[in-house]
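We will go stop by stop, picking residues and looking at what surrounds them.

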Amino acid sequence: MEDLKSIVARNIIALRRKHDMTQLELAEKLNYTDKAVSKWERGESLPDIVILKTIADLFGVTLDYLVTLEHDDREPDHIWMETEEEVSEREKKKRRKLLTHAYIACVSVLLVWLVATLVFVIIRLANPDAVALWLTFLYAVPASCVVALIFNSIWFKASRNFFIISCLMWSTLAAIHISFMVFGIPEVWLLYILGAPGQAIILVWSRLFKREKQ
């Protein structure tokens with residue numbers, strides 16, 4: 001008869017694969033490292049009771065399910081058991097895909113700066129006496145934040161969105177502030193007062209998001 005570590009390992013592997021989840025994704029949901037998840041799945045260590053309950057809730061099963069070898073809906077061993085080589089290869093593919101997404105996101109942000117440069121050059125050629133053309137690059141900062149927010153929401157950790165939103169808000173306020181200063185509009189520092197409640201909302205929102213994920 002298999003020991004408890006092996007039984008739990010087999011069940012975690014089966015449930016993770018059934019939900020099309022990598023070790024890294026499972027680790028992030030549990031706030032653990034992928035190395036810890038790998039040890040659990042190799043039967044080298046056993047999650048504590050709190051983590052076992054969290055895993056059971058995450059996959060919609062009971063705690064008994066995780067510590068029981070036989071299940072009525074159990075898949076054949078050759079389907080739901082993975083070798084370490086298969087796990088390693090799938091993790092590598094996941095990381096390569098993530099890296100490709102990162103490159104695409106970076107190129108998209110750089111395109112924002114290319115457009116800003118193009119606008120700067122065109123206006124400069126059309127009107128050499130134009131004032132404060134460098135503001136074009138200033139507004140490229142919040143525009144870059146928008147692009148980063150879109151790609152992060154699609155491909156990366158949603159928790160990073162709160163940091164990006166903060167950068168977007170403050171860079172937009174700074175851009176407006178500097179623009180007003182250039183054109184001689186007084187009391188522009190009052191714009192930053194708007195940032196205080198805005199940042200508070202972002203912080204509270206991020207806390208609620210983390211609690212829902214736990």
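**Stop 1: helix α2**

Select Gln23, Leu26, Ala27 and Leu30: these residues of α2 are buried. Buried means under 20% relative accessible area, exposed over 50%, and partly exposed in between, with a 1.4 Å probe and protein chains only. Look down the axis of α2: the buried residues fall within an arc of 100°, so they line one face of the helix. The arc is taken over the directions from the helix axis to the C-beta atoms. Helices are DSSP runs of H or I, at least four residues, numbered from the N terminus. Just after α2, pick Asn31, with a positive phi of about 60°.

Before moving on, note the ground rules. This is a predicted model, where local features need pLDDT of at least 70 and side-chain atom pairs count only at pLDDT 80 or more, while totals for chains, interfaces and linings use all residues. Residues are numbered from 1 along each chain as its sequence is written, and side-chain values use heavy atoms, leaving out hydrogens and water.

**Stop 2: helix α4**

Select residues 49-59, helix α4; its buried residues are Ile51, Leu52, Ile55, Ala56 and Phe59. They cover an arc of only 140° around the axis, which puts them on the same side of α4. They pack against α1 (4-18), α2 (23-30), α3 (34-41) and α5 (63-67). Now turn to the face away from that buried side: Ile49, Val50 and Asp57 are exposed there.

Check both ends. At the start of α4, a side-chain oxygen of Asp48 comes within 3.1 Å of the backbone nitrogen of Val50. After α4 comes Gly60, with a positive phi near 70°.

**Stop 3: the cores**

Which residues have the most contacts inside the largest nonpolar core? Highlight Leu26, Trp40, Ile55 and Leu66, in a core of 18 residues. Such a core is a set of buried Ala, Val, Leu, Ile, Met, Phe, Trp, Tyr and Cys residues joined through side-chain atoms within 4.5 Å. α1, α2, α3, α4 and α5 each supply at least two residues of this core. α4 gives the most, five residues. A second, separate core has six residues, including Ala105, Val112, Val147 and Phe151.

**Stop 4: cysteines**

Search for disulfides (cysteine sulfur pairs within 2.5 Å): the whole structure has zero. Pick Cys145, which is buried at 12% relative accessible area. The closest cysteine sulfur to that of Cys145 is in Cys167, 5.3 Å away and too far for a bond. Finish at Cys106, partly exposed at 47%.

Notes:
Contact means heavy atoms within 4.5 Å. A polar contact is a pair of N or O atoms within 3.5 Å; within protein, one must be able to donate a hydrogen and the other to accept it, and residues adjacent in sequence count only if both atoms are side-chain atoms.
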